[in-house]
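The sequence and structure are shown first.

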Amino acid sequence: SKDVGAETADSRAGEAMVHKGIRLLKEGVSLKEVEQYFKEVVNQPGHVLNSKSGKKWVKSAVAGLRKMLDRVLSDA
């Protein structure tokens, strides 16, 4: 289907959130603060993820970041 799955604007924006989240976590920003930052960003008018389905990427990105943190901390 057109505009569904990998390489869509939504999926690229969601993937970018994970990369940005990793950078923020490395800078010492808490996961809760990262989530709040993402929510503020996607709620901006005209943002590619400013839709009901688009905002699900925030939850997905934060879940991925949480899993990475759990894995890294459990290996430490």
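In this predicted model, Tyr 37 counts as partly exposed, because its relative accessibility is 36%. Phe 38, by contrast, is buried, with a relative accessible area of 2%. The structure holds 1 aromatic pair. The ring centres of Tyr 37 and Phe 38 lie 5.9 Å apart and the ring planes are at 50 degrees, so this pair is tilted.

Tyr 37 and Phe 38 belong to the residues of α2 that take part in the contact with α1. On the α2 side, Leu 31, Val 34 and Val 42 also take part, while α1 contributes Met 17, Lys 20, Gly 21, Leu 24 and Leu 25. The residues of this contact comprise 8 nonpolar, 1 polar and 1 charged.

Phe 38 is also among the α2 residues that meet α3, together with Leu 31, Val 34, Glu 35, Lys 39 and Val 42. Their partners in α3 are Val 58, Ala 61, Val 62, Leu 65, Arg 66 and Leu 69. By class, the contact of α2 with α3 has 9 nonpolar and 3 charged residues, and no polar ones.

| Helix pair | Axes come within | Crossing angle |
|---|---|---|
| α1 (residues 9-26) and α2 (residues 31-42) | 10 Å | roughly 140 degrees |
| α2 and α3 (residues 56-75) | 10 Å | roughly 160 degrees |

Angles over 145 degrees count as roughly antiparallel, and α2 and α3 are therefore roughly antiparallel to each other. Helices α1 and α2 are oblique to each other. The crossing of α1 and α2 is right-handed, and the crossing of α2 and α3 is right-handed.

Conventions. Residues numbered from 1 in each chain as written. Predicted model: local features only at pLDDT ≥ 70, side-chain atom pairs only at ≥ 80, totals over all residues. Heavy atoms only, no water. Axes fitted to C-alpha atoms, helices over the stretch in contact; angles between N-to-C directions. Helix = DSSP H or I, 4+ residues; strand = E, 2+ residues; numbered from the N terminus. Parallel < 35°, antiparallel > 145°, perpendicular 65-115°, else oblique. Left-handed = near helix turned anticlockwise from the far one by under 90°. Contact = heavy atoms within 4.5 Å. Nonpolar A, V, L, I, M, F, W, Y, C, P; charged D, E, K, R; others polar. Phe/Tyr/Trp six-rings, centres within 6.5 Å; stacked < 30°, edge-to-face > 60°. Buried < 20%, exposed > 50% of the residue type's maximum accessible area, 1.4 Å probe, protein only.
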